[in-house]
Amino acid sequence: MSTATPDSVRADPPPAVVAHPLRKLALAAILLAEIMDLLDTTIINVAAPTIRNALGGGTSQIQWVSAAYTLAFAMLLITGARLGDLVGRKRMFLLGTVGFTVCSALCAAATGAGMLIGARACQGAFAALVIPQGLGIIRAVFPAEEVGKAFGAFGPVLGLSSVAGPTLGGLLVGSDLWGTGWRMIFLINLPVGLGCALLGLRAIPADHGTAGARRLDLPGVAVLSTAMVLLVYPLIQGRELGWPSWTFASMGLSLPIFAGFALLQRRQAATGRAPLVDPALFRGGGFRYAIIVVALFNAAITGLILTLTLTLQLGAHWTALHAGLTFIPMSLGIVVGAVAAGAVLGARFGRRVIHSGAVIMAVGTLVLWASLAHWGLPVTTWDLLPALVVTGVGMGLMMGPMFELALTGVTAEQSGSAAGVLNALQELGGSIGVATLGTAFLSWASHHGSVTAAGWTLAAVVAVITLVGLTTFALPRMPRPAESR
């Protein structure tokens, strides 16, 4: 995406990235961190009833076991990205990974709901230090001709992890390994987190930050964190609470605070101080449209998965494990689509791969709608399998080139800010998808039944996918070589 000004385009380009000899191991460390984050975001939902029985606490406390992680993660993502710019991405990656692993141990050792909620919030905070570093590290260790394939690896991993969480959670809780019960969903992070940290220590090259300043924009952190809490908190809690008036007031109040944050960042940049988010990112239209694409795409995915999960569990009365296993064909489709996009199609066809993926995902979603309408609640996994595979392939094709196109034109100094904003919008899009489409489904289901509600909600998902496809026309046609960024 082009955020460079004409003057910066005419300036001498930075030297080409030299291939780091351990770049594939560095990519493996980044993907392991992504897996831990995504699994911890989704796996908790299956274990929630068991946790409540073991630790006690009301319904709201158990909801906060999930919400505390999401809120801390969303609130600190951009700050974590900026810290990577200032003090070095390797340092923040290792600090975040080790902290996340320690907090996982605290979650497993929790003796009450309050302790678990606090440890989950710490998990989310450390995850916010880790996740934004990945995109910048990839661009620093892979040469231009390999960046697309590296980004393409995110598609299969993110797709599999996002739908595997409920399945893995059901297996770990149900198997009760060594009498650990629900605690195993956190204990499993210990060897994974340790391996991720050791791999990152060995394979990620040392850096000392790319930003000119060495101070964090603390006023910006305070204003942005306030705005994110006011927006994300009601999105997380609103559906469960029935959308009381304060949730809309909170979201409305966040808007002028976001506007104030934008003015503060411009003032910081104009006075020569390092802002939390570089305003130059938004001077070109490309990045503005990229964050819209990312947010809408994530809203569509989370809305689709939630709709199917609620239909199969609440309507057809499937177990969480049965519903989770049903998403395996979609996961396989994501792998096929993302590998094809990352390995071959993205570099040759650019944004047309996203357009093709949007069409295929929309068709697959419509076939899901038709399958549910035809079979009704006696529907089986086999009845849904063709549509799930097609939908997954479309998702994978869209995931493959999306982040590479999103970062086209972003300089090394802007990578941290760009990654933080993209990840924050991805998280925000998921929260919006759950809040709006989940609420719509439950409202329609109470009056018209699960099958009809699923059909209408899936139609809304298709509309969102269509918006993604149309907005993608505003992105660059092809990724630019790293030398011109």
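In this predicted model, C196 has a relative accessibility of 0% and therefore counts as buried. C107 also counts as buried, because its relative accessibility is 0%. The number of disulfides in the structure comes to 0. C107 takes part in none of them, and the cysteine sulfur nearest to it belongs to C103, 6.8 Å away. A disulfide requires the two sulfur atoms to lie within 2.5 Å.

Charged side chains were examined next. The structure holds 2 salt bridges. One of them pairs D85 with R82, with a distance of 3.5 Å from N to O. Both of these residues belong to helix α3, which spans residues 59-87. D85 and R82 are 3 residues apart in that helix, or about one turn. D85 is buried, since its relative accessible area is 0%. R82 has a relative accessible area of 7%, so R82 is buried too; the cut-off for buried is under 20%. A salt bridge also joins the side chains of D85 and R89, here with an N to O distance of 3.1 Å. D85 and R89 are both buried. Through shared partners, the salt bridges link R82, D85 and R89 into one network.

The surface carries a nonpolar patch of about 420 Å². Its members are L171, L321, L325, I328 and L332. Two helices, α14 (320-326) and α15 (328-349), each give at least two residues to this patch. L321 is located in α14. The relative accessible area of L321 is 31%, so this residue is classed as partly exposed. That class covers values between the 20% limit for buried and the 50% limit for exposed.

Four helices each supply at least two lining residues: α11 (218-241), α12 (245-270), α13 (285-315) and α18 (415-448). Helix α12 makes the largest contribution to the lining of this pocket, with 7 residues.

Methods: Residues are numbered from 1 along each chain as its sequence is written. This is a predicted model: local features need pLDDT of at least 70, side-chain atom pairs count only at pLDDT 80 or more; totals for chains, interfaces and linings use all residues. Side-chain values use heavy atoms; hydrogens and water are left out. Buried means under 20% relative accessible area, exposed over 50%, partly exposed in between (1.4 Å probe, protein chains only). Patches are made of residues with over 30% relative accessible area and no salt bridge: like charges are joined within 9 Å, nonpolar side chains (Val, Leu, Ile, Met, Phe, Trp, Tyr) within 5 Å. Accessible areas come from the Shrake-Rupley method with a 1.4 Å probe; for residues, only the protein chains shown count as cover. A salt bridge is a side-chain nitrogen of Lys or Arg within 4 Å of a carboxyl oxygen of Asp or Glu.
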